[in-house]
Amino acid sequence: MKIAKTLGATLLSSLLVGCMVGPKYQRPAVPTPAAYRDLTENSQLQTQTASYADLPWWQVFQDPKLQELIRTALKQNYDLQLATERINASRAQVAVTRSSLFPQVSGNGNFSGGKENLQQSKYNFLTLTADAAFQLDFFGKLRRATQAARAELLATEDARQVVILTLVSDVANDYFTLLQLDLQLAITQDTVKTQTDSVKLTQLRLDHGVATKLDVLQAQQVLDTANAQIPDLERAIAQEEDALSILLGNYPQNIVRGTPLVEQSLPPEVPAGLPSAIIERRPDIREAEQILIAANADIGVAKAQFFPQISLTGAGGGSFGRSSAFSSLMTTQLGIWSYGAQVNQPIFTGGALKGNLHLAESQHQQALISYREAIQHAFGEVSDALIGYEKLHQVRTRQQDSVADLQETVRISTLRYKGGTTTYLEVLDGQRSLYGAELTLAAARGDEYRSLVQLYKALGGGWQQ
């Protein structure tokens with residue numbers, strides 16, 4: 001018994017201090033810019049530690065209806081449900097892989113009884129045995145495999161965060177598009193109403209000899225143009241509602257709106273934060289790094305295949321029963337035990353082990369390239385989003401001023417026409433230009449809000465729940 005304890009302690013200590021072949025993971029040194037691309041007006045914000053992406057999505061998107069839609073999507077979206085199940089599968093795979101680090105024990109039972117005709121003896125025996133096998137991980141093959149499985153689990157968790165980030169931004173993006181289409185439809189319907197009155201007024205003036213048939217025709221043309229836009233806008237709205245319903249995990253249905261687009265709040269500033277924070281904040285970069293960690297561990301698994309694989313086996317048990325072979329119903333108890341060790345050393349595999357190692361090294365290089373590419377793409381997306389938001393904000397501001405100028409122009413032209421100092425053609429030209437400018441302004445508002453969503457996503461925000 002003492003010898004067995006000593007042997008067990010020795011084997012355990014050998015296992016604990018056993019080396020792990022293969023490279024130890026170290027995060028690759030990837031050069032990153034010290035600041036985002038200079039944006040003149042926003043350059044002073046680049047040195048700030050705080051980032052717009054630090055805010056949870058419910059503080060960024062303050063429309064209660066939009067918040068409700070996002071929460072529904074986070075509960076019901078099928079892509080997110082699949083990502084969650086992949087985490088469960090990876091967690092189970094870790095348990096399966098890690099189990100190889102422990103002894104594998106199985107039990108067996110056998111019962112037999114009967115009568116032998118020659119000796120006229122009767123017997124009944126129950127045999128119980130237990131078998132154990134334990135692979136000694138001297139070279140770290142099993143531990144490296146467990147590292148790889150754990151890294152893959154973390155990668156699936158980060159992949160789920162990527163799905164959440166994309167889902168939140170897609171819902172917000174589609175919602176703002178829907179509000180933009182609503183605004184354009186309202187502008188068109190108001191234009192139709194105004195131009196219908198204009199046609200009636202012009203016809204009345206024609207009847208009294210103070211207008212021409214050309215004035216009526218031109219007023220009717222503006223009305224027809226606006227009327228033709230309504231079916232297209234209504235179809236686009238219905239299609240956008242369908243797309244948003246699918247994101248929510250619902251069948252196509254109507255979407256309840258909240259705050260109109262013109263009343264949606266915009267942040268006074270959108271600080272990007274420190275560029276180095278992107279590597280930690282963006283889940284797609286973290287996912288790429290976990291895949292790299294798993295590939296690095298797989299190299300250790302491949303290298304360990306070159307070394308001996310040592311396993312210990314043992315069995316024990318006993319037979320219990322009675323037999324009348326030698327004496328009447330004699331009680332019998334027999335002890336059974338055995339132990340052994342097995343060493344397996346590859347000698348010639350036809351290049352399989354080398355090929356397996358080269359494969360693991362190539363997969364590691366691919367993962368490294370993907371990791372660096374993910375970082376590069378992240379900075380590109382942030383730069384594009386910063387530039388896009390700044391420029392679209394300027395476009396919306398200029399277009400808003402243009403609409404205000406055209407509204408004033410139409411007002412003055414109408415007064416001049418009623419005073420008899422200008423033709424109705426001037427009024428119609430002003431109204432036609434104002435209608436187009438208002439539609440353009442609605443599109444510019446939608447573009448500005450969508451660019452804000454893209455910036456929030458590019459910076460790695462939106463996944464906190």
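Y456 sits in helix α10, which covers residues 424-458. In this predicted model, Y456 is buried, with a relative accessible area of 2%. That value falls under the 20% cut-off, so Y456 counts as buried.

**Helix α9**
- Helix α9 spans residues 352-418 and holds 67 residues.
- From first C-alpha to last, α9 reaches 93 Å.
- That is close to the 99 Å expected at 1.5 Å a residue.

**Helices α3 and α4**
- Helix α3 (residues 64-76) packs with helix α4 (residues 78-98) at an angle of about 45 degrees, and their axes are 6 Å apart.
- This angle makes α3 oblique to α4.
- On the α3 side, the contact is made by A73, L74, K75 and Q76.
- On the α4 side, Y78, L80 and Q81 take part.
- By class, the contact of α3 with α4 has four nonpolar, two polar and one charged residues.

**Confidence**
- The protein has a mean pLDDT of 87, and 89% of its residues reach 70 or more.
- Residues 1-7 have pLDDT below 50, and this stretch has zero contacts in the model beyond near neighbours in sequence.
- Residues 13-17 also stay under 50 in pLDDT; for them the model has seven contacts beyond four places in sequence.
- Where pLDDT is low, predicted coordinates should not be read in detail.

Methods: Residues numbered from 1 in each chain as written. Predicted model: local features only at pLDDT ≥ 70, side-chain atom pairs only at ≥ 80, totals over all residues. Heavy atoms only, no water. Axes fitted to C-alpha atoms, helices over the stretch in contact; angles between N-to-C directions. Helix = DSSP H or I, 4+ residues; strand = E, 2+ residues; numbered from the N terminus. Parallel < 35°, antiparallel > 145°, perpendicular 65-115°, else oblique. Contact = heavy atoms within 4.5 Å. Nonpolar A, V, L, I, M, F, W, Y, C, P; charged D, E, K, R; others polar. Expected span 1.5 Å × (residues − 1). pLDDT = per-residue confidence, 0-100. Buried < 20%, exposed > 50% of the residue type's maximum accessible area, 1.4 Å probe, protein only.
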